[in-house]
Amino acid sequence: ESSDKAWKVQSYWLKESDSADLNTKNRDLFTFSVDHTREFSEGWKYNIEAIGQTGHARQSTSSADITDRDVKAWMIHSHLGKQISENTFLRGEIDAASGDNDTTDDTIHAFDSLYGLRRFDYGPTDVYQTFPRSNILAPGLRSVTKLDGLHNIMIGYKALWLQKVASGDEDFLGHQLEFRWRYQAFKPLRLELGGAYLAKGDALDSGAYPDDAMYAYTALMYTF
């Protein structure tokens, strides 16, 4: 991390192999990230993170799959925002991660998020798990409003596409609205209520679950 905290560089190495009780994809992956944040022009702030991933892995965890394939994948996150009032910060954001529409070749292009949570970008809690950080293009808007030091309200919208599909297949996943309200009831106790609504696009409106998706949750956090 740079002294002014504008630049961050991170790297991860993940190596796994099968055991007697667990089959894996035998991933041997190196992931490298460069992150830059800057404030400019009267309160505007932007962030961009670019991630590259290389190594070897198998297409599946099947014991019959013993072919190690090259991995060449990437992911980008960026947002641009501003404090538009005393209480509200508004930002535009975009996430993109490489996908793979050919599992028969010698290279895996689908980005592997390793073991990261999905909550922050794609849904209200990790239980929701609608979209992984792989084969996706997702621009959106997000606002966070803080009132009286007690209330924190987040409203978010994303349009979602598959980054890569087979020729002739649909790529639009849908529109997602997300809401979260936090209330600091007293110093150690915080109440949270939120949810998401997904209006499914052509890529999701067939199959076993073609209907739009709705999700709601409540949470309590006690700090001691």
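1. In this predicted model, the largest cavity holds about 30 Å³ of space. The count comes to 1 cavity when a volume of 30 Å³ or more is required, and a cavity here is a set of grid points where a 1.4 Å probe fits but cannot get out.

2. The lining of the largest cavity is made up of Glu-93, Leu-141, Arg-142, Gly-156, Tyr-157, Lys-158, Gln-176 and Glu-178. Sorted by class, this lining has 4 charged residues, together with 2 polar and 2 nonpolar ones.

3. As to the elements around the largest cavity, β7 (136-147), β8 (151-161) and β9 (172-186) each contribute at least two residues to its lining. Of the elements involved, β8 gives the most, with 3 residues.

4. The strands β8 and β9, both of which take part in that lining, are also paired with each other, in the antiparallel sense and over 11 bridges. Within this part of the model, Trp-161 stands opposite Phe-172, the latter being in β9.

5. On from there, β9 is joined by 12 bridges to strand β10 (residues 189-200), and the two run antiparallel. Tyr-183 has Leu-191 in β10 as its bridge partner, and β9 and β10 form a hairpin in which 2 residues lie between the strands.

6. A further set of pairings involves the strands β1, β2 and β3. Strand β1 (residues 7-15) pairs with strand β2 (residues 28-40) in the antiparallel sense over 9 bridges, while β2 pairs with strand β3 (residues 44-57), again in the antiparallel sense, over 13 bridges.

7. In β2, Asp-35 is the bridge partner of Lys-8, and in β3 the bridge partner of Asp-35 is Glu-49.

8. Which residues form the nonpolar patch on the surface? The patch consists of Val-9, Trp-13, Phe-30 and Phe-32, which together have about 440 Å² of accessible area. The elements giving two or more residues to this nonpolar patch are β1 and β2, and Val-9, for its part, is placed in strand β1. The two strands named here are those that pair over 9 bridges.

Notes: Residues numbered from 1 in each chain as written. Predicted model: local features only at pLDDT ≥ 70, side-chain atom pairs only at ≥ 80, totals over all residues. Heavy atoms only, no water. 1 Å grid on protein atoms, 1.4 Å probe; cavity = no way out; pocket = protein on both sides within 12 Å on 5 of 7 lines; lining within 4 Å. Points joined across faces, edges and corners; volume = space filled by probe spheres on them. Helix = DSSP H or I, 4+ residues; strand = E, 2+ residues; numbered from the N terminus. Nonpolar A, V, L, I, M, F, W, Y, C, P; charged D, E, K, R; others polar. Pairing = 2+ DSSP bridges. Patch = residues over 30% accessible without salt bridge, like charges linked within 9 Å, V, L, I, M, F, W, Y side chains within 5 Å. Areas by Shrake-Rupley, 256 points an atom, 1.4 Å probe, with all protein chains shown as cover. Salt bridge = Lys/Arg side-chain N within 4 Å of Asp/Glu carboxyl O.
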